[in-house]
Amino acid sequence: MDGDLELALAVRAMVVATEQFRAQQARTRLGVSPTEMIALGILHVEGPQTITDLARLLAITPASTTELADRLVRDGHVERLPHPADRRKRLLRLTPAAAGMLTGIYEELALRLAGLASREARPAVLAFLRLATAAMAGRSHDQPRAV
């Protein structure tokens, strides 16, 4: 098998396993759908977002994002806040309880990955992951974004 194809298939397998982990955590810890879990993860990592910004990051319509946000607010995972610069907009932010659960999920993920790369290998692994993320997002290889 070609080395690049083998690498692509290994990355695919890791992504599938990660998505299965996320879906399982979404169900058992938060009682939410995989898409709702992605939204919560965005709010956890990126911070408060408007409906429009969250819709863009989720690649779904603002109307669908509003429905998703309504469910997350109803279930106590997200709260709506006034936008600091535009009084017509609202920000979505994780509740402290949801933020704690998301932190726990990321800690569990960190435990599963702990020790897989030596201290010496970590910079190379991180560089690869950042470059791969940039490539998949259609960004230049020389402008990686933290994963």
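1. Buried means under 20% relative accessible area, exposed over 50%, and partly exposed in between, with a 1.4 Å probe and protein chains only. By that cut-off Q25 is buried, at a relative accessible area of 5%.

2. A word on the basis. This is a predicted model, in which local features need pLDDT of at least 70, side-chain atom pairs count only at pLDDT 80 or more, and totals for chains, interfaces and linings use all residues. Residues are numbered from 1 along each chain as its sequence is written, and side-chain values use heavy atoms, without hydrogens and water.

3. The overall layout. The chain has 6 helices and 2 strands. Helices (H or I, at least four residues) and strands (E, at least two) are DSSP runs, numbered from the N terminus. Their order from the N terminus is α-α-α-α-β-β-α-α. The C-alpha trace spans about 50 × 35 × 25 Å along its principal axes. Of the 147 residues, 25% count as buried.

4. Back to Q25. This residue lies in helix 1 (residues 3–30). Its side chain makes a polar contact with the side chain of Q24, at 2.7 Å. A polar contact is a pair of N or O atoms within 3.5 Å; within protein, one must be able to donate a hydrogen and the other to accept it, and residues adjacent in sequence count only if both atoms are side-chain atoms. Leaving aside residues up to four places away in sequence, Q25 touches L30, M37 and I105. Contact means heavy atoms within 4.5 Å.

5. Which residues of helix 3 are buried? They are I51, L54, A55 and L58. Seen down the helix axis, they fall within an arc of 105°, so they line one face of helix 3. The arc is taken from the directions from the helix axis to the C-beta atoms. The face turned away from the buried side carries exposed T52 and R56.

6. What do the buried residues of helix 3 pack against? Their partners are helix 2 (34–46), helix 4 and strand 2 (90–94). Just after helix 3, A59 takes a positive phi of about 60°.

7. Helix 3 with helix 4. The axes of helix 3 (residues 51–58) and helix 4 (residues 62–74) come within 9 Å and cross at roughly 105°. The two helices are therefore roughly perpendicular (65 to 115 degrees). On the helix 3 side, I51, L54, A55 and L58 meet P62, T65, T66, L68 and A69 of helix 4. These contact residues divide into 7 nonpolar, 2 polar and no charged.

Definitions and conventions: Axes are lines fitted to C-alpha atoms, for helices over the stretch in contact, and angles run from 0 to 180 degrees between N-to-C directions. Angles under 35 degrees count as roughly parallel, over 145 as roughly antiparallel, 65 to 115 as roughly perpendicular and the rest as oblique. Ala, Val, Leu, Ile, Met, Phe, Trp, Tyr, Cys and Pro count as nonpolar, Asp, Glu, Lys and Arg as charged, and the others, Gly among them, as polar.
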